[in-house]
Amino acid sequence: AAGVKGHPEVEFVVVAMAGIKALISLSFGGAIGLMFLMLGCALPEYNKYWPLFVLFFYIISPIPYCIATRVVDDTDAASSACKELAIFLTTGIVVSAFGLPIIFARATLIHWGACSLVLTGNIIIFSTILGFFVVFGTNDDFSWQQW
């Protein structure tokens, strides 16, 4: 690492490899979470696909925060009302994603085992989404905002 100082192209490669490793780790987490969701639906003793409705929550959960980060000027050090509203809406979406399988299980649409598999998948998927915004949420060369 002593030879790296003063060579920006080498530092860029090191940062790029860290970004690629993070992206691979996040995609692995997403695949594991979706596997738990599919197991909760497709195992022969469960065989009901009602829990797939949580996919809508996975898709819409990052939208309020993405909109708020585009709209809000980041020159303020204090938090803005727009970002606070986005976090509130995201929290409501995440809580709904955890509540829906429980309501399905209480209504006997799905078994409790399927509910537990879906809840496990929810924990992993939402942790992956949070990890994405932690890793790629900064305004550096590897920000998701460039996409």
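1. First, a term used throughout: buried means under 20% relative accessible area, exposed means over 50%, and partly exposed is anything in between (1.4 Å probe, protein chains only). Buried residues account for 32% of the 147 residues in the chain.

2. Keep in mind that this is a predicted model, where local features need pLDDT of at least 70 and side-chain atom pairs count only at pLDDT 80 or more, while totals for chains, interfaces and linings use all residues. Residues are numbered from 1 along each chain as its sequence is written, and side-chain values use heavy atoms, with hydrogens and water left out.

3. On confidence: pLDDT is the predictor's confidence in each residue, from 0 to 100. The chain averages 84, and 77% of the residues score at least 70. Among the elements, helix H1 (residues 8-42) has the lowest mean pLDDT, 80, and H2 the highest, 96. Where pLDDT is low, the predicted coordinates should not be read in detail.

4. The fold is quick to describe. Helices (H or I, at least four residues) and strands (E, at least two) are DSSP runs, numbered from the N terminus. Here they come to five helices and zero strands, and the pattern along the sequence reads α-α-α-α-α. Contact means heavy atoms within 4.5 Å. Of the contacts in the chain between residues at least 6 apart in sequence, 61% join residues at least 24 apart.

5. Now the core. A nonpolar core is a set of buried Ala, Val, Leu, Ile, Met, Phe, Trp, Tyr and Cys residues joined through side-chain atoms within 4.5 Å. In the largest one, with 18 residues, the members that touch the most others are Leu37, Val54, Phe57, Tyr58, Leu100, Ile110 and Cys115. Helix H2 (54-60), helix H4 (81-106) and H5 each give two or more residues to this core, and H5 supplies the largest share, seven residues. Leu100 is in contact with Phe53, Val54 and Phe57, leaving aside its neighbours within four places in sequence.

6. Rings of Phe, Tyr and Trp (its six-membered ring) pair if their centres lie within 6.5 Å; planes under 30 degrees apart count as stacked, over 60 as edge-to-face and the rest as tilted. A search of the whole structure turns up seven aromatic pairs. One of them, Phe98 with Phe126, is tilted, at 6.0 Å centre to centre and 35° between the planes. That pair links distant parts of the chain, with Phe98 in helix H4 and Phe126 in helix H5, 28 residues apart. Elsewhere, ring pairs link Trp50, Phe53, Phe56 and Phe104 into a cluster.

7. Phe36, in helix H1, is partly exposed at 22% relative accessibility. Leaving aside neighbours within four places in sequence, Phe36 is in contact with Leu117, Val118, Thr120, Gly121 and Ile124. The C-alpha atoms of Phe36 and Asn122 are separated by 8.6 Å, although the two are 86 residues apart along the chain. Thr128, in helix H5 (residues 112-136), is buried with a relative accessible area of 16%. Not counting residues up to four places away in sequence, Thr128 touches Leu26, Gly29 and Gly30.

8. Two loop residues are worth checking on the backbone. Asn47, in the loop between H1 and H2, has phi near 50°, a positive value in a residue other than glycine. Thr108, in the loop between H4 and H5, has phi near 55°, again positive in a residue other than glycine. Asn47 is partly exposed at 48% relative accessibility, and Thr108 is exposed with a relative accessible area of 65%.

9. Last, the cysteines. A disulfide is a pair of cysteine sulfur atoms within 2.5 Å, and by this rule the count is zero. Cys41 is buried at 0% relative accessibility, while Cys82 is partly exposed at 33%.
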